[in-house]
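Please read this briefing alongside the sequence and the coordinates.

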Amino acid sequence: MTYLKSRRFIGAAFTAITILSITRTITGNGDLTSTVTIAQALVFASPIALAGLAGIWAERAGVINIGLEGMMILGTFGAGWAGWQWGVWAGVLAGVAFGAIGGLLLAVAAVTFGVDQIIAGTAINLLALGLTKFLAILLFTDAPGGGQAQSPPIKGDIPTFTLESIVEPLTALHEKGIFFVSDLAGLVAGLFYHLSLLTIITFLLFVMTSYLLWKTAFGLRLRSAGENPWAADSLGVKVVQYKYAAVVFSGMLAGLGGAYLSIASTIYRNGNTAGRGFIGLATMIFGDWRPGGTAAGAIMFGYIDTLRLIDTGNQNVKGLILLGAIILFAIGGIMLRKAKRNSAIGFLVLGSVMIGAYFSATSFPPEVAQVAPYITTLLVLATASQNLRPPAADGVPYRKGDHH
Amino acid sequence: MLKGVKLASILAVASLALAACGSSGTTAESAAPTEPAAAAVKVGMAYDQDGKGDGSFNDAAFAGLSKAQADLGVEIKEVNSGASATDATREELLTLLADGGYNPVIAVGFAYSTALAAVATKYPDTTFAIVDSVVDAPNVGSLIFAAEQGSYLTGVIAASASKSGTIGFIGGMEIDLIKAFEAGYIEGAQSVNPDIKIESKYMGAAGDNTAWNVPEKAKTATDGMIANGADVIYAAAGGSGLGMFQSVKAAADGGATVWAIGVDSDQYTVPALAEYKDIIVTSMLKRVDVAVYDVIKAVVDGAPLVGINNFDLSKDGVGYSTSNSAVSAFTAAADAAAEKIKSGEVVVGTTVK
């Protein structure tokens with residue numbers, strides 16, 4: 001089983017690098033797989049990944065968490081408020097704690113009182129937005145370096161690591177532009193370049209989640225609360241307690257994601273989350289409620305965001321178009337092999353349109369890159385929705401003793 | 001179940017109430033004139049989004065208001081529209097002020113255009129003013145700024161200061177208002193060095209309000225520009241501009257000779273940016289404070305400023321700051337360019353060619 005899984009993972013990674021490498025070779029744009037791009041993509045991906053992971057925890061226990069954005073906002077605020085006064089690690093803790101409060105609120109409303117989970121989550125989003133703005137005016141207006149809409153700078157830095165012995169030779173190798181080898185070198189070097197301790201923690205949280213939720217009795221019980229809480233209850237699982245634990249932990253993760261964002265910006269600023277909580281939710285669906293796929297979705301968003309931002313002369317956007325086209329062709333090919341003719345034709349036509357656009361236009365508006373991850377998510381949802389499987393009792397209010 | 005519904009409604013109501021507190025954070029500040037005049041002028045000021053504390057545009061408006069409060073003894077009231085404001089909520093705020101007898105009512109920001117046009121017709125006896133937009137009504141003063149002229153001067157400074165021949169521009173939302181900054185900057189830079197390379201990047205498309213609040217993205221974009229050889233970067237991106245300063249500072253700490261150019265207020269002197277002041281060679285000044293003060297003074301004097309008021313170089317409505325002595329090497333070139341613009345010899349465009 002694990003052998004099969006790791007073979008699939010290596011196969012997927014190999015395919016991804018090959019596609020990236022083909023695109024890089026055709027466009028001649030080294031940015032696509034450069035050390036700096038990958039390192040920055042990890043920074044942009046991490047808050048989204050944490051929000052997605054937070055979604056996994058809540059929804060695996062059967063509670064839809066639309067309030068992720070709100071919990072993230074609470075996290076950004078907590079990190080700014082505590083980080084400014086007592087340093088960056090206090091900020092991390094406060095971000096997690098504030099997020100946990102948001103999670104607890106959702107748990108009380110959705111689990112104890114059986115409130116419609118979408119409404120409760122939306123209420124938390126509104127509450128967090130209003131509350132943090134109000135508190136920002138109250139606490140930051142007269143603080144030195146602060147303002148009505150932003151906190152003073154967070155004190156101190158999260159340590160970052162650069163493994164020079166790996167990064168330097170690999171970056172040099174990347175610049176040689178050898179097919180596949182140089183791209184692999186750039187990707188690997190990017191993982192060890194200015195790597196934030198918080199990014200490492202994020203990675204460990206993903207590993208921990210995979211293990212806890214899928215390899216332990218605790219995880220089985222927690223997931224049973226999301227699949228069939230009535231059956232779980234009949235077997236003696238304390239469903240309500242599991243749901244509480246999951247939702248509060250979900251809030252903590254979202255709060256950590258918010259803290260990550262504030263620390264990356266060095267301040268709390270109103271509106272800094274910019275919808276990343278919702279994007280996290282989308283990556284969770286993209287990833288089929290599993291950590292691996294969610295991480296991949298978050299990295300996709302982070303990667304495209306980075307390419308768009310470090311772009312010069314719109315070359316990266318062009319590269320992304322080609323990348324998208326190649327991916328569409330690859331999926332189309334797979335569909336053909338699986339004899340899904342209609343889907344295959346759809347993908348191949350779309351891919352051809354993008355190839356045509358790539359070769360006919362000299363430049364693309366950067367907005368194209370901005371919407372690319374959303375379109376990809378929509379494509380995944382449209383084509384893979386047959387295979388995506390949310391927890392069976394996701395969003396269903398549970399009352400002990402009810403029969404179903 | 002009934003319990004649950006109750007709780008949900010309480011939650012919803014509470015959240016709305018709190019949201020309201022946060023967004024329209026009305027801070028009525030009583031005026032402190034030495035002798036309260038019987039007919040003191042009451043000034044209503046509506047900020048967009050989160051209002052004061054941006055160390056930039058809104059703070060400049062507040063500076064003008066404070067000056068009027070101190071010099072003219074006017075009474076003031078300030079409101080914020082909040083980030084999730086709609087035309088309807090902005091209309092409510094303006095109506096609230098006009099209804100409360102505030103005259104003039106000053107709307108800070110182009111986002112108020114539609115709302116102000118609607119409210120101004122309902123209160124023909126109140127003088128309104130709008131910053132950064134043109135509203136055509138007999139009782140509205142439209143305060144617009146020749147940002148392209150000021151940006152032309154910063155472009156001259158950037159091109160003169162650049163050793164690499166590559167400079168950068170970070171814009172907030174990609175709208176005509178901000179594109180005028182970019183256009184002037186490019187023209188000014190090219191007037192010094194026709195072959196100069198200019199890299200521009202916007203943080204969000206038109207309508208994407210997050211564009212002003214994402215310093216971490218502005219930082220990455222600036223990192224990219226510096227990596228590609230840019231050594232002077234100019235940001236007109238509201239709260240996102242901080243990221244540009246951070247990136248330039250990091251590059252300067254790493255030993256590179258790089259400069260940042262601020263916007264709207266003199267960002268060298270903004271306390272919140274004290275950490276970065278050494279790398280802020282100058283700021284493009286958009287004298288919103290002058291405009292706001294002039295509007296209030298005109299009402300106090302009984303001759304309201306209505307119609308289009310273009311605050312350009314000749315009216316000192318735009319300019320550049322000289323508080324950082326590092327700029328002194330480039331002031332001669334910038335001042336010469338300013339004279340050419342004032343005399344009409346150079347006409348700066350507002351669209352990127």
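Chain B averages a pLDDT of 86, and 88% of its residues score at least 70. The model is a predicted one, and for the complex the predictor gives an ipTM of 0.75 together with a pTM of 0.80.

**Confidence along chain B**

- Within chain B, the mean confidence is lowest, at 41, in strand E1 (residues 27–29) of chain B, whereas it is highest, at 96, in strand E9 (residues 232–236) of chain B.
- Over residues 15–38 of chain B the pLDDT stays under 50, although the model has 45 contacts beyond four places in sequence for this stretch.
- Where pLDDT is low, the predicted coordinates should not be read in detail.

**Overall form of chain A**

- Chain A contains 16 helices and 2 strands; its radius of gyration is 22 Å, close to the 22 Å that the globule rule gives for 404 residues, so chain A is as compact as a globular protein of that length.
- The C-alpha trace of chain A spans about 60 × 60 × 40 Å along its principal axes, and 54% of the 404 residues of the chain count as buried.
- Among the contacts in chain A with a separation of 6 or more, 77% are accounted for by residues 24 or more positions apart.

**Helix H11 of chain A**

- The end C-alpha atoms of helix H11 (residues 239–265) of chain A are 39 Å apart, which agrees with the 39 Å that its 27 residues should span at 1.5 Å a residue.
- H11(A) is mostly covered, with 23 of its 27 residues buried, and it is followed by A:Thr266, whose phi is positive, near 65°.

**The sheet of chain B and the helices across it**

- Chain B has an open sheet of 6 strands with mixed pairing, in the order E8-E7-E9-E10-E11-E13; its edge strands, each pairing on one side only, are strand E8 (197–204) and strand E13 (318–320) of chain B, and the twist from one strand to the next averages 15°.
- E9(B) and strand E10 (residues 259–264) of chain B run parallel and are joined by 3 bridges, and B:Val232 has B:Trp259 in E10(B) as its bridge partner.
- Helix H5 (residues 147–161) of chain B lies across strand E7 (166–173), E9, E10, strand E11 (280–286) and E13 of chain B, and runs at about 165° to E11(B).
- Helix H6 (residues 176–192) of chain B lies across E7, E8 and E9 of chain B, and runs at about 170° to E7(B).

Methods: Residues numbered from 1 in each chain as written. Chains lettered and ligands numbered in written order. Predicted model: local features only at pLDDT ≥ 70, side-chain atom pairs only at ≥ 80, totals over all residues. Helix = DSSP H or I, 4+ residues; strand = E, 2+ residues; numbered from the N terminus. Rg over C-alpha atoms; globule rule 2.2 N^0.38 Å. Buried ≥ 20, exposed ≤ 12 C-beta atoms within 10 Å, placed from the backbone. Contact = placed C-beta atoms within 7 Å. pLDDT = per-residue confidence, 0-100. Expected span 1.5 Å × (residues − 1). Pairing = 2+ DSSP bridges. Axes fitted to C-alpha atoms, helices over the stretch in contact; angles between N-to-C directions.
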